[in-house]
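Visitor: Could you show me how to read a helix and then a pocket? I would like the general idea each time, and then the case at hand.

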Amino acid sequence: MRTSRRDLLMTGAAALGVLASGRPTTARPSSGIPAVGLGSWITFNVGNDPALRDRCARVMAAFVEEGGGVIDSSPMYGSAQAVIGDGLGRLGHPASVFSADKVWTSADRGPAQIAETTRLWGVDRFDLLQVHNLLDWEANLEILFEMKAAGRLGHVGITTSHGRRHRELETVMEHHAIDFVQLTYNILDREAEERLLPLAHERGIRVLCNRPFRRGWLPDRLEGKPLPEWTADIAVSTWPQFLLKFIISHPAVSAAIPATSRVDHLRENKSAEHGPMPDATMRSRMAAHVAGL
């Protein structure tokens, strides 16, 4: 039986939570968080519909049962923040959730937006706040660094997506003491391998990967195609597992954050954390296989 709650073991005031339980943790040694998180773009933007909110709460409950980890949202995502807050309230704000949200406005409005985001989640403080898509990033990072220094924030990050503004992101990573970077990385969108992932590894910046399935396009494209026999060597039996193991096995990656509104898909995604992980040779083979389909 899997436990539905986990205690958070803190390794210092600025350390990440390492999830402890009676079975081996799925946390990456370099990050302290489980390797498959939960995004909320589109899937949790359900407004006040009671049935849809119940569905999202069930997904969150399954996420906690499977070990928890990063739940990521943004003011950009419509009602997703309020829906997450509702779900966390129902679950009693489990310690195994690593709360991650963003500031997505000009810096003069940043504190007010952060306050509203905090209210919607129903948390005292966030484990991670990120500057969304580098919007007014210099001034917004100053706000987040000040919050962290005052003990009102765990970690500071910055995000981009769709492969945009990588050169600017590289500059931020080189010159600012951020804790996390979030970017697009999947088995087809691999530009981050060239510079950003090595730089993150070099500087000790933890990496969250968005769009791991290209918003569902990749699993849909691969559906019905047989998995290669050699995937048995890495305990893969479905394409979503295949796609996620490719991402989370990269040495620089802390977690992928696929979004879903289905409990069965959530459990399938989380199952990618378990079993053998592909090495560099296997990862190359996986990428070549998908590119050839």
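Visitor: Which exposed residues does the face of H4 turned away from its buried side carry?

Guide: First, a word on the source: this is a predicted model, where local features need pLDDT of at least 70, side-chain atom pairs count only at pLDDT 80 or more, and totals for chains, interfaces and linings use all residues. Residues are numbered from 1 along each chain as its sequence is written, and side-chain values use heavy atoms, leaving out hydrogens and water. Exposed means over 50% relative accessible area, buried under 20%, and partly exposed in between (1.4 Å probe, protein chains only). On that face of H4 sit Glu138, Glu146 and Ala149.

Visitor: And which residues of H4 are buried?

Guide: Trp137, Asn140, Leu141, Ile143, Leu144 and Met147 are. They lie on the same side of H4 because their arc around the axis is only 155 degrees, taken from the directions from the helix axis to the C-beta atoms.

Visitor: What do the buried residues of H4 pack against?

Guide: Their partners are strands E4, E5 and E6 and helices H3 and H5, with contact meaning heavy atoms within 4.5 Å. Just after H4, Gly151 has a positive phi of about 80 degrees.

Visitor: Now the pocket: which residues lie nearest the centre of the largest one?

Guide: Rolling a probe the size of a water molecule over the atoms shows where empty space is left. Here, Phe213, Arg214, Arg215, Gly216 and Ala259 lie nearest the centre, among 39 lining residues. Helix H9 gives the most to that lining, with three residues.

Key:
Helix = DSSP H or I, 4+ residues; strand = E, 2+ residues; numbered from the N terminus. 1 Å grid on protein atoms, 1.4 Å probe; cavity = no way out; pocket = protein on both sides within 12 Å on 5 of 7 lines; lining within 4 Å.
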